[in-house]
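Welcome, and please take a moment to look over the model shown below. The report that follows walks through its helices, charges and surface.

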Amino acid sequence: HAKNDDDDDATARPGRSALTDVLRPALDGTSLLCLICTMSPRPGDAGETSRTLRFATAALKLSIHPRPKELTTVTSDEVKRYREEIDILRRRLAEAERAETVRRREAEEEARDGADEA
């Protein structure tokens with residue numbers, strides 16, 4: 001963590017730290033969040049530990065209100081189009097499987113013919 005002039009101000013206010021920006025998708029109310037802040041007992045890490053404690057304190061003040069995800073409505077035309085696309089893909093898959101079966105049989109016949117000639 002590189003200290004900059006904004007660190008003290010940013011970590012003191014909820015929603016203003018770089019870490020909060022990274023966590024923003026989890027803070028939108030559509031997910032559960034568990035935040036664990038760890039600290040170091042080393043005296044040389046006192047500044048980082050202090051910033052972590054300020055962040056944790058600020059995080060406790062965050063208020064996340066659950067909200068349902070928006071559902072999209074699929075029209076009957078879209079359902080029809082999807083079904084047609086599924087049918088096309090099923091036919092392509094069946095054709096590919098048939099072609100693979102033919103290819104395998106031909107390869108097996110060639111292998112048998114080669115073994116018979118030897």
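## Salt bridges and surroundings

Arg51 and Glu48 are joined through their side chains by a salt bridge, at 3.1 Å from N to O. A salt bridge here is a side-chain nitrogen of Lys or Arg within 4 Å of a carboxyl oxygen of Asp or Glu. Side chains of opposite charge can pair when their charged atoms come close.

Before going further, a word on where the values come from. This is a predicted model, in which local features need pLDDT of at least 70 and side-chain atom pairs count only at pLDDT 80 or more, while totals for chains, interfaces and linings use all residues. Residues are numbered from 1 along each chain as its sequence is written, and side-chain values use heavy atoms, with hydrogens and water left out.

Back to the pair: both Arg51 and Glu48 sit in helix 3, 3 residues apart, which is about one turn of the helix. Arg51 counts as buried because its relative accessible area is 13%, whereas Glu48, at 33%, is partly exposed.

How many salt bridges does the structure hold? There are 4 of them.

| Residues | Distance (N to O) |
|---|---|
| Arg51 and Glu48 | 3.1 Å |
| Asp45 and Arg42 | 3.3 Å |
| Glu100 and Arg103 | 2.6 Å |

Glu100 and Arg103 belong to helix 4, where being 3 residues apart separates them by about one helical turn. Glu100 is partly exposed, with 27% relative accessibility, and Arg103 is partly exposed too, with 45%. Salt bridges that share partners link Glu100, Arg103 and Arg104 into one network.

## The chain as a whole

Which secondary structure does the chain have? It comes to 4 helices and 0 strands, in the order α-α-α-α along the sequence. Helices (H or I, at least four residues) and strands (E, at least two) are DSSP runs, numbered from the N terminus.

The chain has 118 residues, and buried ones make up 11% of them. Its accessible surface is about 10200 Å², with 54% of that belonging to carbon and sulfur atoms. Such areas come from the Shrake-Rupley method with a 1.4 Å probe, and for residues only the protein chains shown count as cover.

Contacts tell another part of the story; a contact means heavy atoms within 4.5 Å. Of the contacts between residues at least 6 apart in sequence, 59% join residues at least 24 apart. Leu19 and Phe55 give a pair to look up: they are 36 residues apart in sequence, and their C-alpha atoms are 8.8 Å apart in space. Leu19 lies in helix 2 (residues 18–23) and is partly exposed at 41% relative accessibility.

Leaving out residues up to four places away in sequence, Thr52 touches Cys37, Thr38 and Met39.

## Patches on the surface

Which residues gather in a patch of negative charge on the surface? They are Glu106, Glu108, Glu109, Glu110, Asp113, Asp116 and Glu117. Lys and Arg count as positive and Asp and Glu as negative, with His and the chain ends not counted. The place of a charge is taken as NZ of Lys, CZ of Arg, CG of Asp or CD of Glu. Asp116, one of the patch members, is in helix 4 (residues 76–117) and counts as exposed because its relative accessibility is 65%.

Leu33, Leu35, Leu62 and Ile64 make a nonpolar surface patch of about 280 Å². Ile64 is found in the loop between helix 3 and helix 4, and it is partly exposed at 34% relative accessible area. Patches of either kind are made of residues with over 30% relative accessible area and no salt bridge: like charges are joined within 9 Å, and nonpolar side chains (Val, Leu, Ile, Met, Phe, Trp, Tyr) within 5 Å.

Notes. Buried < 20%, exposed > 50% of the residue type's maximum accessible area, 1.4 Å probe, protein only.
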